[in-house]
Amino acid sequence: MLRLSRGRIRSSAGFTLIELLVVIAIIAILAAILFPVFAKARSRAQMTTCSSNLNQFGKGFAMYESDYPDFAMPGAMTDLWATDFYGKDWVSMVNPYLKALAKSTTWSLDENLFCPVAPKLPATMKDLRRPYGYNYYYLGYHNPPTAKLVPISRVKFPTQTIRICEVWNFKDNPPTGQGSLYIYPPTSGVGNPSANWAYPPGFHSGKGANAPARLKGQNNILWFDGHISAMTGDKIVYARGGTTPDNAYFELDPVKGKP
């Protein structure tokens, strides 16, 4: 007759408490190691997507300027405050080359060209759903008979002149705010709590302090020559490293010299 030793009998009902604690501890350690890696990869993907958007815009601008040589593409084909402004703005002008506008409206930017971390405003806001702003005040607008078209030859520092970059308007309900078609020169009302002007997220003055930068503390910029880089909001607004805003990255031929 076969007998089983009591000492060799083991329950197979499940794990012991110690074993469960060990497994949980291992999972926690792996999560602590992998989550930052995933977060970093996600952040890189978002920055790549945003850079790709700007690259697409850059190609559209190049095609536009090949069709209309000698002059930089203006920020609009009419004055900023004209009643017929929408439809003649820079997004509308580049739309035939990129299909940049949403199909449901002639004002709203297509979702495919949104910065992935830019706030998503309701579709009813139309023209305010634009997270990229054009350097309208220095690259010009077309307002016959007093046109302000800028010859490409006048852009003295194309690698250091902003074409478009990430923007946000802080006037309404900060930090929610709204999008904008244009990035305003830093000297235009920085620090004014009632200013209805758009600046790069992440600079720390006035209402700008309420809107954090989007991509690891930086904002992507498409420069006039077509290359793309990222800067902090402070660096864009205080281009020469001081505490006084200046237009070094906005002006075509800065009075103070090369930025």
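What is the volume of the largest pocket? The legends below take up this point and several others in a predicted model.

**View 1. The largest pocket and its lining.** The volume of this pocket is about 310 Å³. Its lining is made up of 15 residues. Nearest the centre lie Leu80, Trp81, Tyr86, Ser180 and Tyr184. By type, the lining holds 9 nonpolar residues, 5 polar ones and 1 charged one. In general, empty space shows up when a probe the size of a water molecule is rolled over the atoms.

**View 2. The chain with its helices and strands.** There are 4 helices and 8 strands. Starting at the N terminus, the order is α-α-β-α-β-β-β-β-β-β-β-α. The chain has 259 residues. Of these, 42% are buried. Helix 1 covers residues 17-67. Helix 2 covers 90-98, and helix 4 covers 233-237.

View 3. Leucine 20 counts as partly exposed because its relative accessibility is 41%.

**View 4. A salt bridge between arginine 163 and glutamate 65.** By the rule used, the structure has 6 salt bridges. In this one, the closest N and O atoms are 2.9 Å apart. The pair links distant parts of the chain, 98 residues apart. Arginine 163 belongs to strand 4, residues 162-166, and glutamate 65 to helix 1. Are the two partners buried or exposed? Both arginine 163 and glutamate 65 are buried.

**View 5. A salt bridge between arginine 214 and glutamate 166.** The N to O distance here is 3.3 Å. Arginine 214 lies in the loop between strand 6 and strand 7, while glutamate 166 lies in strand 4, so the bridge ties together parts 48 residues apart in sequence. Both arginine 214 and glutamate 166 are buried.

**View 6. A salt bridge between arginine 154 and aspartate 253.** The side chains of arginine 154 and aspartate 253 meet at 3.7 Å, N to O. Which parts of the chain does the pair link? Arginine 154 is in the loop between strand 3 (148-149) and strand 4, and aspartate 253 is in the segment after helix 4. Arginine 154 counts as partly exposed because its relative accessibility is 38%. Aspartate 253 is also partly exposed, at 31%.

**View 7. Aspartate 70 and its positive phi.** Most residues other than glycine have a negative phi. Aspartate 70 is not a glycine, yet its phi is positive, about 85°. Where is aspartate 70 found? The loop between helix 1 and helix 2 holds aspartate 70. Its relative accessibility is 56%, so aspartate 70 counts as exposed.

**View 8. Lysine 216 and its positive phi.** Lysine 216 is not a glycine either, and its phi is about 55°. The loop between strand 6 and strand 7 is its place. Why does lysine 216 count as exposed? Its relative accessible area is 56%, and the cut-off for exposed is over 50%.

**View 9. Tryptophan 197 and phenylalanine 170.** Along the chain, these two residues are 27 residues apart. Their C-alpha atoms are separated by 7.4 Å. Tryptophan 197 is in the loop between strand 5 (168-169) and strand 6 (198-199). With a relative accessibility of 30%, tryptophan 197 counts as partly exposed.

**View 10. Asparagine 169 and alanine 211.** What separates the C-alpha atoms of asparagine 169 and alanine 211? The separation is 9.2 Å, for residues 42 apart along the chain. Asparagine 169 is part of strand 5. At 5% relative accessibility, asparagine 169 counts as buried, since the cut-off for buried is under 20%.

Conventions: Residues numbered from 1 in each chain as written. Predicted model: local features only at pLDDT ≥ 70, side-chain atom pairs only at ≥ 80, totals over all residues. Heavy atoms only, no water. Helix = DSSP H or I, 4+ residues; strand = E, 2+ residues; numbered from the N terminus. Buried < 20%, exposed > 50% of the residue type's maximum accessible area, 1.4 Å probe, protein only. 1 Å grid on protein atoms, 1.4 Å probe; cavity = no way out; pocket = protein on both sides within 12 Å on 5 of 7 lines; lining within 4 Å. Points joined across faces, edges and corners; volume = space filled by probe spheres on them. Nonpolar A, V, L, I, M, F, W, Y, C, P; charged D, E, K, R; others polar. Salt bridge = Lys/Arg side-chain N within 4 Å of Asp/Glu carboxyl O.
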